[in-house]
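Here's a quick tour, definitions included.

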Amino acid sequence: MSCPIDSKVIRPIRFIAGQCQMLDQRLLPAEEVWHTYKTYQEVAEAIRSMVVRGAPAIGVAAAIGAWFGARDIEAESSWDFFQQFKEICDVLAATRPTAVNLVWALDRMKHFTESNLERSVLELKIGLEYEALAITEEDEKINRTMGKHGEVLIPDGARVLTHCNAGALATAGYGTALGVIRAAVEAGKKVSVIADETRPFLQGARLTAWELQKDNIPVTLICDNMAGYLMSKGAIDCVIVGADRVAANGDVANKIGTYTVAVLAKEHNLPFYVAAPVSTIDLSLSDGSQIPIEERDARELTHIKDIQLAPEGVDVFNPAFDITPQRLVTAIITEKGVVQGDYLTGLSENIRQR
Ligand code: MRU
């Protein structure tokens, strides 16, 4: 794959001789460990266990997993190949339920196969490799375009609050929400970031702080429950987050706690922006109530690594995402432009241009 060699650019997924390596995001920032994957089962487990996470990144990983699965299929005919390929895609699709990019990428891989059934099994395998690499390369380009559209919304000198990690680590590179911030910095603006720590998985503390520090973008870490205080003190100028799925009406699923931040932003008259590629928009769902919300292991709340924080046997509820209603969203930034106001029309037009 043709990735420009630039050691400063963070890309959490890389290719070496027909295998892929992923940076283990569970271990950052303490350790930078890369694991190597060559089967679809290994990639599925990496997505499930959050070695790789963030909506666009898991879409990319799923496409790579599907390619790995495809190349190991033994089939007499293209039709037989396609039946086996769909089963592989089903395994990958079941790894995480909320981020629609996962299903979007697998649908694209299946669509390629189904629309080329007149080709040989070998040609289909080569085509699927090409498709997976194209999905990876396109993702970073899309983020850079989204950054250019979004940075005009960020004033010079802005102090920008973000939640979770919607950065290079959550994508093939550059990031969605952090991509907009990177683009603002590249445009010569002085921007500083306030990063919510993002309990319980701590994507803000561990990942956002790590990647912004690497880029020399000023970042201040706060606990999730400090955002309202900072807003009340006039210490935040706007909020920008990523998304895992955007419904047709503009309701946004993102990391748990995003809704709270959006309510606080409304109370303090601060713009609340969402940066998400078109692959995150799900027009099949009319509103956010239909978006499946992943529930994760209680241990994420009761423990930090092996240290127990909560009493043995306590009941725990651990939804990984929440829904921010579109009335709280000032604008949705995609690679096609900035959508405001009538999300139903604006988002459908974005999809039509895909
Ligand atoms: O559980 P995660 O870490 O996969 O959740 C990630 C998020 O919620 C991100 O904010 C979202 O995927 C946007 S990433 C560009």
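## Cavities

The structure has 3 cavities of 30 Å³ or more. A cavity here is a set of points, on a 1 Å grid over the protein atoms alone, where a 1.4 Å probe fits but cannot get out; lining residues have an atom within 4 Å of a point. A volume is the space filled by probe spheres set on the points. The model is predicted, so local features need pLDDT of at least 70 and side-chain atom pairs pLDDT 80 or more, while totals for chains, interfaces and linings use all residues. Residues are numbered from 1 along each chain, and side-chain values use heavy atoms, without hydrogens or water.

The largest cavity holds about 190 Å³ of space. Its lining counts 25 residues, with Arg 53, Gly 54, Ala 55, Asn 165 and Asp 244 nearest the centre. Helix H2 (55-71) and S9 each give at least two lining residues, and H2 has the largest share, with 3. Helices (H or I, at least four residues) and strands (E, at least two) are DSSP runs numbered from the N terminus.

## The sheet

S9 also sits in an open, mixed sheet of 4 strands, ordered S11-S8-S9-S14. S11 (281-282) and S14 (321-324) are the edges, each with a single partner strand, so one side of each lacks a neighbour in the sheet. Strands count as paired if DSSP finds at least two bridges between them.

S8 (residues 245-247) and S9 (residues 252-255) run antiparallel, joined by 2 bridges. Val 246 has Val 252 in S9 as its bridge partner.

Methods
On a 1 Å grid over the protein atoms alone, a cavity is a set of points where a 1.4 Å probe fits but cannot get out, and a pocket is an open set with protein on both sides within 12 Å along at least five of seven lines; lining residues have an atom within 4 Å of a point.
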